[in-house]
Amino acid sequence: MSKYAGEEVLVVPRSLLDEIGSFQGIRTEGMDAAIVRLLDPANHFFMDRAEAEDDPSHKQLIPYCVIRCGSRVLNYTRGKAGGEARLHALRSVGVGGHINPVDTGDGRTGPDAYHAAVERELHEELVFKVAHTNEVIALLNDDSNPVGQVHLGVVHLIELESDQIESNEDALADLRFTELDELAGPMLERLETWSQFCVKHLAEA
């Protein structure tokens, strides 16, 4: 049996990204129109994850939530309980995961299913003790490595008034808030590639 136990994940054809405008790294231009295309039910479907992980002709759509409190950003080490073995032991500033069929419950489709998935992932992985805001700020694409070639990130900025937040699963180890300047400086090389893109983007904003 596949290590993904038959999990199905939401994907878009790579050709759709090419139509929207293929890019490397962070993209902030034309975001509204791009998100509308990506979240249109006519443009995405569920695919067996085991197949999707080895199929660069499709992109798995991944909410990648960066959590900030003032000038500090939440970061953690990816533990072995995480689903992506290729990222274990790297530090990350992104929380989130795949969109699954469960997110289409109650007849949800398109943007409604996507945003339900975002909140599900956040609350599966973290315990929030304060309210949070949630804003889509960028798209993220990295075709320079095998993980990035089969994923497309939607970067969310989650703002907190205080750092009252805890890990809710073993995949998020050594959870801490760190000054953005430190993440963009001495710690940058310890971050997974997507996190490096996000940290540099926030530091330059």
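Modeller: A nonpolar core is a set of buried Ala, Val, Leu, Ile, Met, Phe, Trp, Tyr and Cys residues joined through side-chain atoms within 4.5 Å. Keep in mind that this is a predicted model. Its largest such core has 34 residues, and Leu61 and Ile67 touch the most other members. Five residues, the largest share, come from H2.

Biologist: What is Leu61 in contact with, leaving aside its neighbours within four places in sequence?

Modeller: Leu10, Leu38, Leu39, Gly97, His98, Ile99, Tyr114, Leu152 and Val154.

Biologist: Which residues of helix H2 are buried?

Modeller: In H2, residues 31-39, they are Met31, Ala34, Ile35, Leu38 and Leu39. Looking down the H2 axis, the buried residues fall within an arc of 120°, so they line one face of the helix. Asp32, Ala33 and Val36 are exposed on the face turned away from that buried side.

Biologist: How do you know that the length of helix H7 agrees with its twelve residues?

Modeller: At 1.5 Å a residue, H7 (residues 193-204) should span 16 Å, and its end C-alpha atoms are 17 Å apart, so the two agree.

Biologist: Why is Arg176 called partly exposed?

Modeller: Its relative accessible area is 36%. Buried means under 20% and exposed over 50%, so Arg176 falls in between. Arg176 sits in strand E12.

Biologist: What makes the Arg176 and Asp174 side chains a polar contact?

Modeller: They are joined at 2.4 Å, and the cut-off for such a pair of N or O atoms is within 3.5 Å, so the pair counts.

Notes. Residues numbered from 1 in each chain as written. Predicted model: local features only at pLDDT ≥ 70, side-chain atom pairs only at ≥ 80, totals over all residues. Heavy atoms only, no water. Buried < 20%, exposed > 50% of the residue type's maximum accessible area, 1.4 Å probe, protein only. Helix = DSSP H or I, 4+ residues; strand = E, 2+ residues; numbered from the N terminus. Arc of directions from axis to C-beta. Contact = heavy atoms within 4.5 Å. Expected span 1.5 Å × (residues − 1). Polar contact = N/O pair within 3.5 Å; in protein donor to acceptor, adjacent residues only side chain to side chain.
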